[in-house]
Amino acid sequence: MVRTLGALCVLLALTACKANDTAQTTTSTSVMSSQSSNDTRVAKEVFGHIPTPSNGASEAIGSYARGCQSGAMELPENGQTWQAMRLSRNRNWGQPQLVSFVEDLSAFAATQPGWDGLYIGDMSQPRGGPMLTGHASHQIGLDVDIWMLPPSRLDLSEAERESLSSITMQRANGAYTNNDWSPQHEAILRRAAEDPRVARIFVFAGAKFEMCKNAAGNRDWLRKIRPWWGHHYHFHVRLNCPAGDESCQDQAPIPAGDGCEDAEKWVNDILNPPPPSGQPPAPPRGPLRMNDLPDQCAAVAGR
Ligand SMILES: [Zn+2]
């Protein structure tokens, strides 16, 4: 359905992922454009204004921070155990696997004391691709932001879903969790991490540090919980490429181990920032152009 992207979006960027939330994304050049090499349109200007999904088979095309999606499904605005938030953004679209994942995780969340389910933030645009505001990733219909705010009701009006804000879980610049962090948060993140569809979960370092302290029994699931900047109003779940989707590029595998030492290093670096490395900052990257995306994305945008 068509929605207007109004000025509200800018005002309500509070819960959007930091634009750098996918610096860990590995981008392969193997599917870089050839046929559309002359198409230098700014990709977010193309994909940011398309209000409907494309026809055709569901496919995640390219990589999380450089791609698009065809045959996307809309996450219904209201479900038994979720509500999609910020409907004006029209970002409640994803691959069918992502929609099922949200349904399943929210059903689990609803079993937790104090949680009616989940408030769902940005997924992808109807045809994926770069967005006009926020997010380096969320381009191929396999990323979702989930609010940290425990839903106490699931009958929010459209206007309330624009005005309500999530809450932060962090203290000391993200080195630690605050008093709003709960065993329920840990149970929901653990459930997500144990889901074989899930590749990675990005959350602030203090949350991972806390989960490392509290984890009982098998600790394998902790690997998928990745400390990252921001991500204290929401956590970000990234799914693996769906089986058989040959246009989709997975990220490099996560290093072995539970990653708890790494989380501790993050915490220490937040508390006692190391001196600057002396490396010159990377040159700024211009916006992605259509010919930076896989060839198929030009067709997806045009269908
Ligand atoms: Zn995100």
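I looked up what lines the largest cavity and found Met85, Arg86, Leu87, Arg89, Arg91, Asn92, Ile120, Gly121 and Asp122. A cavity is a set of points on a 1 Å grid over the protein atoms alone where a 1.4 Å probe fits but cannot get out, and lining residues have an atom within 4 Å of a point. I sorted this lining into three nonpolar, two polar and four charged residues. Asp, Glu, Lys and Arg count as charged, Ala, Val, Leu, Ile, Met, Phe, Trp, Tyr, Cys and Pro as nonpolar, and the others, Gly among them, as polar. The largest cavity holds about 40 Å³ of space, and my search of the whole structure gave one cavity of 30 Å³ or more.

I note that this is a predicted model, in which local features need pLDDT of at least 70, side-chain atom pairs count only at pLDDT 80 or more, and totals for chains, interfaces and linings use all residues. Residues are numbered from 1 along each chain as its sequence is written, and side-chain values use heavy atoms, with hydrogens and water left out.

Next I turned to the helices. Helix 3 (residues 96–109) packs with helix 5 (residues 183–194) at about 145°, the axes 10 Å apart. Axes are lines fitted to C-alpha atoms over the stretch in contact, and angles run from 0 to 180 degrees between N-to-C directions. Helices are DSSP runs (H or I, at least four residues), numbered from the N terminus. Phe101, Leu105, Phe108 and Ala109 of helix 3 meet Ala187, Ile188, Arg191 and Ala192 of helix 5, contact meaning heavy atoms within 4.5 Å. I counted seven nonpolar, no polar and one charged residues there.

Terms used. On a 1 Å grid over the protein atoms alone, a cavity is a set of points where a 1.4 Å probe fits but cannot get out, and a pocket is an open set with protein on both sides within 12 Å along at least five of seven lines; lining residues have an atom within 4 Å of a point. Grid points are joined across faces, edges and corners, and a volume is the space filled by probe spheres set on the points. Helices (H or I, at least four residues) and strands (E, at least two) are DSSP runs, numbered from the N terminus.
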